Amino acid sequence: MKKISTLFLLLVVFCGSAQELLPFVENYDKSNFKGDNQVWDVTQGQDKAMYFANNHFLLRYNGVIWEKYQLPNKTVIRSVFADQDRIYCGSYKEFGYWKRSHGKMTYYSISKRQQAFDEQDNEEIWKIFKAKERIYFQSFNNLFWTEKGQLQKITFPFLISYCYVIEDQIYVATVGHGIFKLKGKQLQKIPGWEALENNVIHGLQKKDNQWFVFTHKNGVFVTQNNKLVPWNAPLNAVLKAANINKAKLVSNDKMLVGSMTQGVFLYDFKSETYQNMNRKNTLLNNTVLSSTLDQENNLWLGLDNGISHVEINSPIAILNDNSGTLGSVYAAVQTLPSKYLLASNHGVFEFEENKLKLLQGTKGQAWQISASPSGFVIGHNDGTFLYNPEGQLSKINPINGGWNFIKSNLNESYWQATYTGITVYPNPLDLKVNKTIQGLLKPIKYVAQIRKNEIWAADNYRGLYRVTLDEKWNTQKVENITQNSGLKNDFGVKLFEFRKELIFWINSNWYSFNAMTNTLEKNTWFQKNFKDISDIISIDDQQFLVEKNGQLYHIKEENNHFKWNTIPEKYYKGKLINDHLKISKTPHNYLLNLEDGFITLKLDFKNTIVEKTSIEAFSLNKKVENGGEIDFNSELKVMVISGKYGIDKPNLFYKMDQSNHYHPIKRGIIQVNNWNSGSHTLSIFQYDGRNFTPTQSFHVVVKQPWYFSLGMILLYVAMLSTLFWGYYKWNKGRYIQRLKLQEEALKHQNELKELELKAQSNVQIQAYEKHILELELQSKSSEVAGKSLSIAKQTEMMDSIQSILESDADMNKLKSDIRKIIKINSVNKHEWESFESNLNQIHKEFITQLNHNFPQLTPKDIKLCIYLKMNLSSKEIAPMMNISFRGVELHRYRLRKKLGLKQEENLTKFLLNLEALQ
């Protein structure tokens, strides 16, 4: 996790050492960059990223993420140097350069290509520098460079520490032999610098026309009359004990010296004073191994354990106490150019010359410090104190809890809001004379006066009151204005004075007082510009601070327009005291209280608009170019890189596609998941608290899901085609099989039907034949019966006639007897009726069929039909019907007509077929 280390010292009451105001520092340890301990060298690349030689790793930090890389031989990296798009590095028997492409660093060895080292060499490249367009690689014994594609080399006659380039001239600092100029490949001794012999030189700088030489253990030497003499400055004695490691000019007025044991010293040539940053107050480690200035003129330190970013060019300075001695600071003022007065929950402290002193009798909660003609008025839990210009403290009012102390806008009087009400101080030169306002004896948080005989007061809990007074501050009337205005939620009312008018912050809305209606009305101007703020703190008539969504903005009004400046959150994150922010103005700065100290900011601080940010996007560990493609349902990690590390680091937001919602970019990273397929745009904006200024946009195309890709679609088509073809073949096979089965079933069914029909036909034929046989049998039986009867009668009659003929009777008697016998043997009516009845019974079904089909037939017709069906001839039928042969033929003719038979149709056959159809 990134540690933002603000500055502190152990604070000791009365005479202990205390933290001075130092630049803001960001510290990074191994938990941040996941590397090793020592950071041997540091440089900033053309891409504005910072590069570090961290033992076995090359570290890269772009302000968003850390990357680390190793050399192919995995040796310790001792030096780095950036030139254009190359990051040169030096190691054990190795030097070359890195280039970045597709989001990764790739190494190219120069030493191996040029065969710079032999087997017996034991060299490490400790420094890389550029002089006259050449890149040099320096070890403790040699200096390498390439020229016209060939490796050039100088072997020094003795051990050296470092080479320095000043005004395009290379100076070689040796170990024990002083400093030499390099002319071609020859070393030239510098006259008058003999004092450097027997010293190890760790720095060489030139300021104006004066040289500064930094030795490891013997401090700093400077040129004087062309000779080197010890530097006559108090810091020099400290540096001798600290063991100098690195040194450089960071500006024309300031110089940095990094030590082995006491951190870094920042020397100011104008004031001839210095600041010491070390482990006690800001750094992670006291051993400074490397340093560089970035493009913002801020300092990067490579330590024995960690990396520190020191904002020496920032308008912000910080006092921060992590020891707990100071506590939460509720107010801070500058009493003298080098002296501060602090009100905290632990008491009132003086801070001067890096010393912190608790003022006697002030232990406990102190709320506020305000300037007055008599001195500084301190609101305390135990009463109100006056701190006069001589630094003496006295109690002027025993009333507990002075929250606010403000000057009237009408006269020289002062008003104070306390735990129990409001106090007025008529004479600023004699603050012991004061009076409590009656009629509003309750905790009052804010008080203000802009009109004569009228004051406004905000209750600590809820309610806004207007108090009308007479000339002697006697209360005439007290009105609850929020209640009169119908505001139900009037908790935490705040008063804000702007342009000699009062504006009220109530329940996230801005109100002004309408004297005509005696009610509050929304202030549209402030409502438009400062909606949804959390707190507002006045600096002066034209400037104030607002807190919005945890971010502080410095506001300045110019020509009825508000100018917004962002104060980066890193300087106060988690340290603001909600509802108790206070500003104290100095000639060039203003002080803002924090939970464990305060910060100072310059009044002329301005935001820098970053015209364009850079974007690096990765998906599945592969870099995605602007307009590139990513897989569906894959995460897109977008790094928004401003190239700024200090106060100018922008406050960035983004929005997606056509959305109107802006999202803050936390830690410079946007992570997007579950994008729909298609084209998308990320738009990046810098936000100053009021306006969103576009700085960059990034376009990406989300591929169709893998299951919708062209290959898969072709596969789906092939699969569907195969499936349909298979289904078609299978269905066709089933259809053919079904047809075969149907055909076989139909064939079988036909066969069964044929067999059934045949069997049925056979049965019908058999039944018909049986019936015919039965009919024939019946007919024959009837015929036999008739024939039998006839034969019997005839026989009986013939026997009788034979008997008569054999007798001797006369002829007449014979005739008479024969006639008598014939008459006797004739079939009687009863017998004939019996014959007909039997005949009808035998042919009952046939008679029924005839009656059903031919109802016009008479019984005589039916009797003829029966005889004909019995296949009797007309001659045989005639006696049976007792008619002549001719009568039978005529009857047959008439019967054919009734039956509707054609001439060619056989009557007997028709009657037989009719019986078969029964």
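**Close-up views of a predicted model**

**View 1. The second largest pocket.** The second largest pocket has a volume of about 1,300 Å³. This is a predicted model, where local features need pLDDT of at least 70, side-chain atom pairs count only at pLDDT 80 or more, and totals for chains, interfaces and linings use all residues. Residues are numbered from 1 along each chain as its sequence is written, and side-chain values use heavy atoms, with hydrogens and water left out. A pocket is an open set of points on a 1 Å grid over the protein atoms alone, with protein on both sides within 12 Å along at least five of seven lines. Its volume is the space filled by probe spheres set on the points, which are joined across faces, edges and corners. The lining counts 47 residues; Asn404, Phe405, Ile406, Ser538 and Ile583 lie nearest the centre. Lining residues have an atom within 4 Å of a point.

**View 2. Strands around the pocket.** Elements giving two or more residues to this lining include β31 (329-336), β39 (404-407), β51 (535-538) and β56 (589-594). Strands are DSSP runs (E, at least two residues), and helices are runs of H or I with at least four; both are numbered from the N terminus. β47 gives the largest share, 5 residues. By class, the lining of the second largest pocket holds 25 nonpolar, 10 polar and 12 charged residues. Ala, Val, Leu, Ile, Met, Phe, Trp, Tyr, Cys and Pro count as nonpolar; Asp, Glu, Lys and Arg as charged; the others, Gly among them, as polar.

View 3. The structure holds 2 cavities of 30 Å³ or more. In a cavity, a 1.4 Å probe fits but cannot get out.

**View 4. Helices α10 and α12.** The axes of α10 (residues 859-869) and α12 (residues 885-899) come within 11 Å and cross at roughly 100 degrees. Therefore α10 is roughly perpendicular to α12 (65 to 115 degrees). Axes are lines fitted to C-alpha atoms over the stretch in contact, and angles run from 0 to 180 degrees between N-to-C directions. Lys860, Asp861, Leu864, Cys865 and Leu868 of α10 meet His891, Arg892, Leu895 and Lys898 of α12 (contact: heavy atoms within 4.5 Å).

**View 5. Confidence along the chain.** The protein chain averages a pLDDT of 87 (the predictor's confidence in each residue, from 0 to 100).

Note on methods: Angles under 35 degrees count as roughly parallel, over 145 as roughly antiparallel, 65 to 115 as roughly perpendicular and the rest as oblique.
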